[in-house]
Amino acid sequence: AVVASSGAPDFNRPVTLQVGEEATKASPHKSVMEMETFFKRYFGEQPVAPHGPKFKPDPKAFYQHTLIIKAPDNKSKAKAKAKSRVKV
C-alpha cells in the first residue's frame, strides 16, 4: 500500500506504527467533519449585515469608524502605595 495507483510512492500518507501483527484501531483524533460544518459548530453563524438586500455599500466611499476602548495604563507611575500607620 506504499505505492499509489500511479506507481509513485505517496510520501504524504499518514504512517501509524504498530507493535504486533494486529492492525491499529482508528484514531479518535481524526475528524471527517467538513470545514464549513466545523466553523458553524464552533464559531456560530456568520454575521449578517444590518442593511437590507436593496442597499449596496459604495466601494469608493470613505467610511470612518471609531473604536473606543479602555485599557489600563501600565506605564503610569502614580500607583496606589500602601502606607503603614502606627497606632498610638
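## Basis of the model

Residues are numbered from 1 along each chain as its sequence is written, and side-chain values use heavy atoms, with hydrogens and water left out. Because this is a predicted model, local features need pLDDT of at least 70 and side-chain atom pairs count only at pLDDT 80 or more, while totals for chains, interfaces and linings use all residues.

## Overall picture

Of its 88 residues, 0% are buried; buried means under 20% relative accessible area, exposed means over 50%, and partly exposed lies in between, with a 1.4 Å probe and protein chains only.

The protein exposes about 10,400 Å², of which carbon and sulfur atoms supply 59%; accessible areas come from the Shrake-Rupley method with a 1.4 Å probe, and for residues only the protein chains shown count as cover.

## Helix α1

Helix α1 covers residues 35-43, and Phe38 has its place there. The number of buried residues among the nine of α1 is zero, so the helix lies largely in the open. After α1 comes Gly44, whose phi is positive, near 80°.

## Aromatic pairs around Phe38

A search of the whole structure finds four aromatic pairs, counted when ring centres of Phe, Tyr and Trp (its six-membered ring) lie within 6.5 Å, with planes under 30 degrees apart called stacked, over 60 edge-to-face and the rest tilted. In one of them, the rings of Phe38 and Tyr42 have centres 4.7 Å apart and planes at 45°, so this pair is tilted. Phe38 and Tyr42 are separated by about one helical turn, because they are four residues apart in helix α1. Phe38 also forms an edge-to-face pair with Phe43, at 6.3 Å centre to centre and 80° between the planes.

Phe38 is partly exposed, with a relative accessible area of 31%, whereas Phe43 is exposed at 60%. Together, Phe38, Phe39, Tyr42 and Phe43 form one aromatic cluster.

## A nonpolar surface patch

Met33, Met35, Phe38, Phe39, Tyr42 and Phe43 form a nonpolar patch on the surface, with about 620 Å² of accessible area together. Patches are made of residues with over 30% relative accessible area and no salt bridge, joining like charges within 9 Å and nonpolar side chains (Val, Leu, Ile, Met, Phe, Trp, Tyr) within 5 Å; a salt bridge is a side-chain nitrogen of Lys or Arg within 4 Å of a carboxyl oxygen of Asp or Glu.

Key: Helix = DSSP H or I, 4+ residues; strand = E, 2+ residues; numbered from the N terminus.
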